Amino acid sequence: MFEAIDTGSDPSDVPVSEVVRAGNLVWSVHVSEDPVNGGLVLGDIETQTRRTLGNLDIAIRAAGGTLADVVQVQVFLVEKTDSAGMNKVYAEYFKEPYPVRATVVVKELLAEGLRIEILAHAVLGEAAK
């Protein structure tokens, strides 16, 4: 059994949980949505990555952890050339040892103008050591 975690962010209109927890395991998915009004934060890849990772940070904290508990990240980009900007911002949020990461270039994401989506898995607490 798992529970949806309330991050305090504006809830989505689609039938999806942005973060769930089962015991000390957390799964979370994010785009560059403004956590207050739910609108997309558009702009360059650095702007969207910063907002997306900020949302991930909010979600992991709401579940009882920190970004240091994240063990795996999947990044979906619509432009291969965005990887350098994404990596620059990613290094502001994650430190060594870095989570295992896969970065995939996709044709498009569901919302117009969206350049990045991030799926992350975390292990909270002592079990992560």
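I began with β1 and strand β2 (residues 19-22), which pair in the antiparallel sense over 2 bridges; two strands count as paired if DSSP finds at least two bridges between them. I noted that R21 in β2 is the bridge partner of E3. Strands here are DSSP runs of E with at least two residues, helices are runs of H or I with at least four, and both are numbered from the N terminus.

I recorded that this is a predicted model, in which local features need pLDDT of at least 70, side-chain atom pairs count only at pLDDT 80 or more, and totals for chains, interfaces and linings use all residues. Residues are numbered from 1 along each chain as its sequence is written, and side-chain values use heavy atoms, with hydrogens and water left out.

I then followed the sheet. It is open, holds 6 strands in the order β1-β2-β3-β6-β4-β5, and has mixed pairing. β1 (3-4) and β5 (100-105) stand at the edges with a single partner strand each, so one side of each has no neighbour in the sheet.

I next listed the elements of the protein, 2 helices and 6 strands. From the N terminus on, they run β-β-β-α-β-α-β-β.

I looked up the extent of the protein: its C-alpha atoms fill a box of roughly 40 × 35 × 20 Å along the principal axes.

I checked burial last. Buried residues (under 20% relative accessible area, with exposed over 50% and partly exposed in between, 1.4 Å probe, protein chains only) make up 35% of the 129 residues.
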